[in-house]
Amino acid sequence: MASMAADAERAGFESAWAAEFYDRSAVVAVAAMAAVTESITLGTGIAYAFGRSPLVLATEARDLDALCGGRLILGLGTGTRRMQQDWHCLSGEHSAPRIEELVPLLHRLSRLDEGPVRHEGRFYRSHVIPTAPVAAPCGRRCRCIWPG
């Protein structure tokens, strides 16, 4: 993935994307791509939105965006009901309302430099009070996209 992203950048492509599956992490692939590129936009296409906790997903997005100097697009997907059930140990129900709650929570968690996050939602409960200073995220707010 890293060498293909570097080749795509040299060829003038606008973006390069890393997919995720049960045997591949889009997060690790984007980190490798960031190490060998300078200007191309990098994205997860897609990362499983429900396979990580909201805090882990927000932290990974902050780290990736810092590694690539603000060039990250976090593409999220729900996967199929079977993927949710068999791979991520979830019920597989209510995907649309779950992701509708998740994305704004990710934005808030990615801005912990602005203060604590207290969220009591239908699907997520998150109380994060930083115990040490939190640096501002790289340049701009994380751009999240998801199919649908």
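A residue is called buried when its relative accessible area is under 20%, exposed when over 50%, and partly exposed in between, computed with a 1.4 Å probe on protein chains only. The model discussed here is predicted, so local features need pLDDT of at least 70 and side-chain atom pairs count only at pLDDT 80 or more, while totals for chains, interfaces and linings use all residues. Residues are numbered from 1 along each chain as its sequence is written, and side-chain values use heavy atoms, leaving out hydrogens and water.

Ser110 has a relative accessibility of 7% and therefore counts as buried. Ser110 sits in the loop that runs between helix H5 (95-109) and strand E4 (117-120); helices (H or I, at least four residues) and strands (E, at least two) are DSSP runs numbered from the N terminus. Leaving aside residues up to four places away in sequence, Ser110 touches Ala58, Arg62 and Pro137, where contact means heavy atoms within 4.5 Å. The side chain of Ser110 also reaches the backbone oxygen of His107, at 2.8 Å.

Arg82 belongs to helix H4, residues 81-87. Because its relative accessibility is 60%, Arg82 counts as exposed. Between Arg82 and Gly69 there are 13 residues of separation along the chain, and their C-alpha atoms are 36 Å apart.

Two cysteines can be described in the same terms. Cys68 is buried because its relative accessibility is 2%, whereas Cys89, at 70%, counts as exposed. The structure holds zero disulfides, a disulfide being a pair of cysteine sulfur atoms within 2.5 Å.

Key. Polar contact = N/O pair within 3.5 Å; in protein donor to acceptor, adjacent residues only side chain to side chain.
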